[in-house]
Amino acid sequence: MSDDRVTPSPKQILSGAGEPIFRVLPAGVLANMVIPGSENALLWNLVYPLAQPTVRLVDLLGARPLWGTPLSGDEFVDELKPYFWGYSVEGERLEGLDAVLARVDGQGPRTEIDLYLRGANHLVVAEVKNLATPGRCSRYAAGRCPEIHIEESVLRDPCRYWEQEGARFGTALDFGERPVPGNESPPCDRHYQLGRTLLVGLSLAERLGLTLHLWLVTPSVAWSHLERGWLDFAGRVRDEGLWRRLRVLPWEEIQAISRG
């Protein structure tokens, strides 16, 4: 590990700056934490005080969501341990995650999910935003989609998310017909980050024998900019049980749990 890694200061990390996780987090995650308004620092400061060492699933489900169906009952009694960007506070890598990422993402850039909450029976994967929206497909934006921009693309192989076993969007999401030249902003572009997050979550939950929940965490003020895209994404989830376990939680509600 190089000596030039960025170490967040107490200005960014309000508590827990000495935890072992900061010795193993990727340099890009750490570098983001020193940026004003950093989503990574906000996530840590929000969740770390709440999960000491775990947080109850029923408490999180009891928070008033911006979007989501009521869930209650003994089946949701579980203690969840946080893994920030795939690492526990103690610096341990989440079991099975690297194998799942290799299966879903192949040789390309790894899907980096902000927060995993693992319990005895449940797995929550959460994408945490401040004012940003979920990411779109960078290859499509650059005119290099191997399905649509065939002549311009330097990637002659088909897109793995339409082609590769274990990585196909269509196993979990109704993204319509496979894109062809001339398509404009297909669903796999608009929902690229959330789609990959869902695939990783499903594969990891299956590997660990857990029930998956997919959450988006955002400030209440940002919901009006995210609602249309989220509703379109949620409406494409094929499994009704999983659809009921989708959730959008406001920062403020989680902060209230922590203070309580």
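**Notebook: aromatic rings**

I went looking for ring pairs today, and the structure holds 11 aromatic pairs. A reminder to myself: this is a predicted model.

**Entry: Trp44 and Tyr48.** I opened with tryptophan 44 and tyrosine 48, which form a stacked pair. Their centres are 4.6 Å apart, with 15 degrees between the planes. Next I asked myself: is tryptophan 44 buried or exposed? Tryptophan 44 has 0% relative accessibility, so I noted it as buried. Tyrosine 48 comes out at 10% relative accessibility, and since buried means under 20%, tyrosine 48 counts as buried too.

**Entry: Trp67 and Trp230.** I then turned to tryptophan 67 and tryptophan 230, whose pairing is edge-to-face. Here I noted 5.8 Å centre to centre and 70 degrees between the planes. Where in the chain do the two partners of this pair sit? Tryptophan 67 belongs to the loop between helix 3 (57–62) and strand 2 (79–84), while tryptophan 230 is in helix 9 (residues 223–234). The two are 163 residues apart, and I wrote the pair down as a link between distant parts of the chain. I looked up burial here as well: tryptophan 67 has a relative accessible area of 15%, so it is buried. Tryptophan 230 is at 1% relative accessibility and therefore counts as buried.

**Entry: a charge over a ring.** Last, I checked tyrosine 87 and found arginine 93 lying over its face, 4.7 Å from the ring centre.

Note on methods: Residues are numbered from 1 along each chain as its sequence is written. This is a predicted model: local features need pLDDT of at least 70, side-chain atom pairs count only at pLDDT 80 or more; totals for chains, interfaces and linings use all residues. Side-chain values use heavy atoms; hydrogens and water are left out. Rings of Phe, Tyr and Trp (its six-membered ring) pair if their centres lie within 6.5 Å; planes under 30 degrees apart count as stacked, over 60 as edge-to-face and the rest as tilted. Buried means under 20% relative accessible area, exposed over 50%, partly exposed in between (1.4 Å probe, protein chains only). Helices (H or I, at least four residues) and strands (E, at least two) are DSSP runs, numbered from the N terminus. A charge sits over a ring if NZ of Lys or CZ of Arg is within 6 Å of the ring centre and within 35 degrees of the ring normal.
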